[in-house]
Structure formats: C-alpha cells, structure tokens
Amino acid sequence: MMAFIVRVVVNALALAAAAWLLPGITVGAEATTSAAGSDSAGVALAYLFIGLIFGLVNAIVKPIIGFLSLPITCLTLGLFTIVINAGMLALTAWITQYTPVSFTIDAFFWDAVLGAIIVAVVSALLSWLVPDKRRD
C-alpha cells in the first residue's frame, strides 16, 4: 500500500513539473471552501487526484495500447512510446473533465508530447531517488 501511495505522489510531482514548465498544461480545482490558505491545499489535492488517475490510466490502458502498437514501436525504434505516453496524458485530461478537478492540455503535439517527456524524466528521477522496498 505504501508503494502505491509513493507512486501516486511521484506522478503528482511529475505532473506538477510539467504544468509548471509548459503553459499549455493547466490544473485547477473547484473552490469548495473559502478559508484562507485552503487554495494551496486544494491545488495539492488536485495534483494528487490527477496523479491517481494518471497512475490508473498507465496501469490499465497503457499495457493494452503498448501491445497493440508493438509493430509501429519496433518500426520507429521505440520513439512511438513518446506518442503513447502523450496519449495517456491526453486520456487523463479527458477523464478529468468529468471530475471536479480540471486538467487541461491545449495542443496535443506540443503540450502533450513535451509534457509526456517531462513527466517521464521527472518520474524516472524521482523513482530513482525514492528507495523501493521490493528491490531489497
């Protein structure tokens, strides 16, 4: 259970880095309280919620899409994986349309593809820094 929570936090931080670096990726949450200081807590919870959705999309949909696109991935020497990751990011943005938390991507090519690269790099770095109990 702890590994799942750490994975959600890593996803949330990676998505926050992509949203911070790219102006075309935005995250917002509906204001439910008017207390002072709740805005930053709401944004943090929004990133955690989106990190959870992104993790579920990567766990459920990405293996199926990866298997079905294996020939084109081999043909492009693995570069098509970036497009798959961008698609998973866009799918996450589409799913969050139906939740109180909004995660929007303006353009697929520039924002989603560059966002997927940023998320992959930040996730890899954070996963490298956070020790995994299963490897021991």
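Which residues in α1 meet which residues in α6?

## The contact

On the α1 side they are Arg7, Val10, Asn11, Leu13, Ala14, Leu15, Ala17, Ala18 and Leu21, and they meet Gly115, Ile118, Val119, Val122, Ser123, Leu126 and Ser127 in α6. Contact here means heavy atoms within 4.5 Å. The residues of this contact divide into 11 nonpolar, 4 polar and 1 charged (Ala, Val, Leu, Ile, Met, Phe, Trp, Tyr, Cys and Pro count as nonpolar, Asp, Glu, Lys and Arg as charged, and the others, Gly among them, as polar).

This is a predicted model, where local features need pLDDT of at least 70, side-chain atom pairs count only at pLDDT 80 or more, and totals for chains, interfaces and linings use all residues. Residues are numbered from 1 along each chain as its sequence is written, and side-chain values use heavy atoms, leaving out hydrogens and water.

## How the helices cross

The axes of α1 (residues 2-21) and α6 (residues 108-129) come within 8 Å and cross at roughly 140°. Axes are lines fitted to C-alpha atoms, for helices over the stretch in contact, with angles from 0 to 180 degrees between N-to-C directions. Helices are DSSP runs (H or I, at least four residues), numbered from the N terminus.

The two helices are therefore oblique to each other (under 35 degrees is roughly parallel, over 145 roughly antiparallel, 65 to 115 roughly perpendicular and the rest oblique).

Buried residues (under 20% relative accessible area, with a 1.4 Å probe and protein chains only) in α6 include Asp111, Gly115, Ile118, Val119 and Ser123.

Val130 is found in the segment after α6. The C-alpha atoms of Val130 and Arg7 are separated by 9.7 Å, though 123 residues apart along the chain.

Methods: Buried means under 20% relative accessible area, exposed over 50%, partly exposed in between (1.4 Å probe, protein chains only).
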